[in-house]
Amino acid sequence: MKNIRTLFFVLVLGAIATSCSGDKKKGIDYNQFKTEVKLTPEQEKSFNEITAKYQQLQEQNFQAAKAQGGNMDRVALGIRNEELRAQQSIEMATVLDAPQMEKFNKFVDENSRKRPRYDNALLERIKTEAQLSEDEFKVVNAANDAFEKAFNDAHDVYHGNNDLAKEYWVKFDAQRKQAIQKALSPEHFSKFEEIVKDVQFKGRK
């Protein structure tokens, strides 16, 4: 297997120029959800209007980010898309009942592209279960942010190649853990490792 650094310098020449201009945003197939959950005609009308609205907003965000070319900020794009999904859920709650909303939120969560980082729920577990001090938790957050930025910045190199993407993910994850280990006590780091042991690379859709 070639060294990651060598692959980077070889592949980055073409990546800088193209910046993944061929990205296709497939998005979530909300028609699939409607086959799984029975909606009234009134609900379906509102459901279609809300999902169309937020799909359009997400596409606008993507096009604005892509217009930056080689400077595309994928971290910021991921944050904006998370915010849109949260807003959509709030609006959808005025249309669907509680059991339907539970299924809707699960459907969106399972079919959305996640930011490649420890999410907020996992971060809260790390903080509380590992009993981290505020200073220790700041280091965890900083290392997590650095991991996300490094992985996203390499996107144009590994785009379309899950094996190479995994190689980058593993490399940056090791760096993330090394930075955290330096800041945490042995007991806290052992608990941290136990909490994140199931966090693994997931192929890019």
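Which handedness does the crossing of H7 and H9 have, left-handed or right-handed? The crossing is right-handed, meaning that the near helix is turned clockwise from the far one by less than a right angle.

This is a predicted model, where local features need pLDDT of at least 70, side-chain atom pairs count only at pLDDT 80 or more, and totals for chains, interfaces and linings use all residues. Residues are numbered from 1 along each chain as its sequence is written, and side-chain values use heavy atoms, leaving out hydrogens and water.

| Helix | Residues |
|---|---|
| H6 | 120-129 |
| H7 | 134-153 |
| H9 | 162-183 |
| H10 | 186-196 |

Back to the pair: the axes of H7 and H9 (lines fitted to C-alpha atoms over the stretch in contact, with angles from 0 to 180 degrees between N-to-C directions) come within 9 Å and cross at roughly 160°. That makes them roughly antiparallel (over 145 degrees) to each other. Phe147 and Phe151 of H7 and Trp169 and Phe172 of H9 are among the residues making the contact (heavy atoms within 4.5 Å).

Now H6. Leu122, Leu123 and Ile126 are buried there, that is, under 20% relative accessible area with a 1.4 Å probe and protein chains only, whereas exposed is over 50%. They pack against H7 and H10. On the face turned away from that buried side sit the exposed Asn120 and Ala121.

Then comes Gln131, in the loop between H6 and H7. Gln131 isn't a glycine, yet has a positive phi of about 55°. It is exposed, at 62% relative accessible area.

Key. Helices (H or I, at least four residues) and strands (E, at least two) are DSSP runs, numbered from the N terminus. Angles under 35 degrees count as roughly parallel, over 145 as roughly antiparallel, 65 to 115 as roughly perpendicular and the rest as oblique.
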